[in-house]
Amino acid sequence: MGAREYFIYLISCLLNGEKPQGSERTDWQGVYSLAEAHDAAAAIACMIEELPQGSRPQGSLLASFESGLKRANRAYERQSAAMTRLIETLTLAGADHLIVKGAVLRYLYKMPQLRTGRDIDVILRPSQLEAAQSAFLAAGFEQDGEDECRYSYDFQIFDIHTELESINVQSKIYYSTPFDDISENSGCTYKLKPIYHLLYVITHTACHLKKGGCGVRMIMDIDAILRYYPDIDMAAFSALCDNIRIRATAQALIALSKKWFHTPVAVDYSFEDYGERELYDALSSAVLSCAALRSDAPRKKEEKSRFGVARLVKRIGSRGKKQEREERRSPQFTAVLEELEEQQETP
């Protein structure tokens, strides 16, 4: 296996509780580069401990993985303490709050400290925002400069919002009132219902597929939700995806989770279907490169020619190849690209 394949394989072993197979020819430098890019060195380090001695990285490279695991454990303790402080502060102020994405999804993992994260998104009711801001300052939180919606506590950054991120008008209908029927609460602390958290992770991931920055942890979160909540009504979920015009993208992302991590969920689309290899390659490349999803592979720049006719022939040939690729592209791939293109900024 190449570095990319082995990197995904090790994460899959972690998620499935399986003992990984080793190889003496593993490109550990390549695996480490991916682990650093995706903030997953701790997860890989945990799997390295399960490998035979002869299959592990050596010297400074092994030390780098081990250092990543130690950092993740320390960060988890500090983030947990900061989260507790935040919840206590908002509860005392009587401010309803909703925390989303990795900061809460990490607790669906068997080892939550390995689902690393940075900034934490906190959703508040607009009517309670001012009271919450005063409570933050009184409790020792530090405001980030002039930004009244960004606070830190013991180096943990909290981004404060009054609604969930939307990717189009349809999703805004669901996400603009997060404290209503899409969430459930215990006192002032709310969490998204599983089906809506899955929907939100999918739309958030789709947003990054368009502009770049979609990483492996987002696919891991899809797996974590589906693995932890096996009773999610997937027919109802598909209907929600239809309503916000993201069904093809949701199908592709769940299929990617299933192919990479063997996510235990029944799906109506698979990359094993005829003609779907191109979408799988493009989606895998986008996620592993933290780049935007592209409909074609990067091409080398045209060589300079002294003759304008030669350049024109190359250009015409290039257009012909582009048209050929578009005609060969699967309907699923086309639908995904159309959904991403239809994303728009919402006020």
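H262 is exposed, with 51% relative accessible area; exposed means over 50%, buried under 20%, and partly exposed in between, using a 1.4 Å probe and protein chains only. This is a predicted model: local features need pLDDT of at least 70, side-chain atom pairs count only at pLDDT 80 or more, and totals for chains, interfaces and linings use all residues. Residues are numbered from 1 along each chain as its sequence is written, and side-chain values use heavy atoms, with hydrogens and water left out.

H262 sits in the loop between α11 (247-261) and α12 (277-289). Helices (H or I, at least four residues) and strands (E, at least two) are DSSP runs, numbered from the N terminus. The phi of H262 is positive, about 55°, although H262 is not a glycine. K101 also has a positive phi, near 65°, and is a residue other than glycine. K101 lies in the loop between β1 (97-99) and α5 (102-105). At 18% relative accessibility, K101 counts as buried.

## The H38 site

Is H38 buried or exposed? H38 is buried, with a relative accessible area of 3%. Its place is the loop between α2 (28-37) and α3 (41-48).

A polar atom of the H38 side chain lies 3.1 Å from the backbone nitrogen of V216. Contact in general means heavy atoms within 4.5 Å. Leaving aside neighbours within four places in sequence, H38 is in contact with F7, G215, V216, R217, V287, L288 and C290.

## A41 in helix α3

A41 belongs to helix α3. A41 is buried, at 4% relative accessibility. Not counting residues up to four places away in sequence, A41 touches A35, E36, F65 and G68. A41 and A72 are 31 residues apart in sequence, yet their C-alpha atoms are 8.7 Å apart in space.

## Aromatic pairs

A pair of aromatic rings is described by the distance of the centres and the angle of the planes. Rings of Phe, Tyr and Trp (its six-membered ring) pair if their centres lie within 6.5 Å; planes under 30 degrees apart count as stacked, over 60 as edge-to-face and the rest as tilted. How many aromatic pairs does this rule give? The count comes to 16. In one of them, the rings of Y76 and Y107 have centres 6.5 Å apart and planes at 55°, so the pair is tilted. Y76 lies in helix α4 (residues 59-92) and Y107 in the loop between α5 and β2 (120-124), so the pair ties together parts that are 31 residues apart in sequence. Y107 is partly exposed, at 38% relative accessibility.

Y228 and Y229 form an edge-to-face pair, 5.0 Å centre to centre with 75° between the planes. Both are partly exposed: Y228 has a relative accessible area of 46%, and Y229 has 26%. Ring pairs also link Y6, Y9, W28, Y32 and F65 into a cluster.

## Charges over rings

A charge sits over a ring if NZ of Lys or CZ of Arg is within 6 Å of the ring centre and within 35 degrees of the ring normal. The charged end of K259 sits over the ring of Y280, 5.1 Å from its centre. The charged end of R329 sits over the ring of F333, 5.6 Å from its centre.

## Strand β5 and its partners

Strand β5 (residues 156-161) is mostly covered, with 5 of its 6 residues buried. Two strands pair if DSSP finds at least two bridges between them. β5 pairs with β2 in the parallel sense over 4 bridges. V122 stands opposite I160 in β5.

Strand β4 (residues 147-153) runs antiparallel to β5, joined by 4 bridges. Here R150 stands opposite D159 in β5. β4 and β5 form a hairpin with 2 residues between them. D154 in the turn has a positive phi of about 50°.

## Cysteines

A disulfide is a covalent bond between the sulfur atoms of two cysteines. The cut-off here is a pair of cysteine sulfur atoms within 2.5 Å. The count comes to 0 disulfides. C290 is partly exposed, at 29% relative accessibility. C46 is buried, with a relative accessible area of 12%.

Key. Polar contact = N/O pair within 3.5 Å; in protein donor to acceptor, adjacent residues only side chain to side chain.
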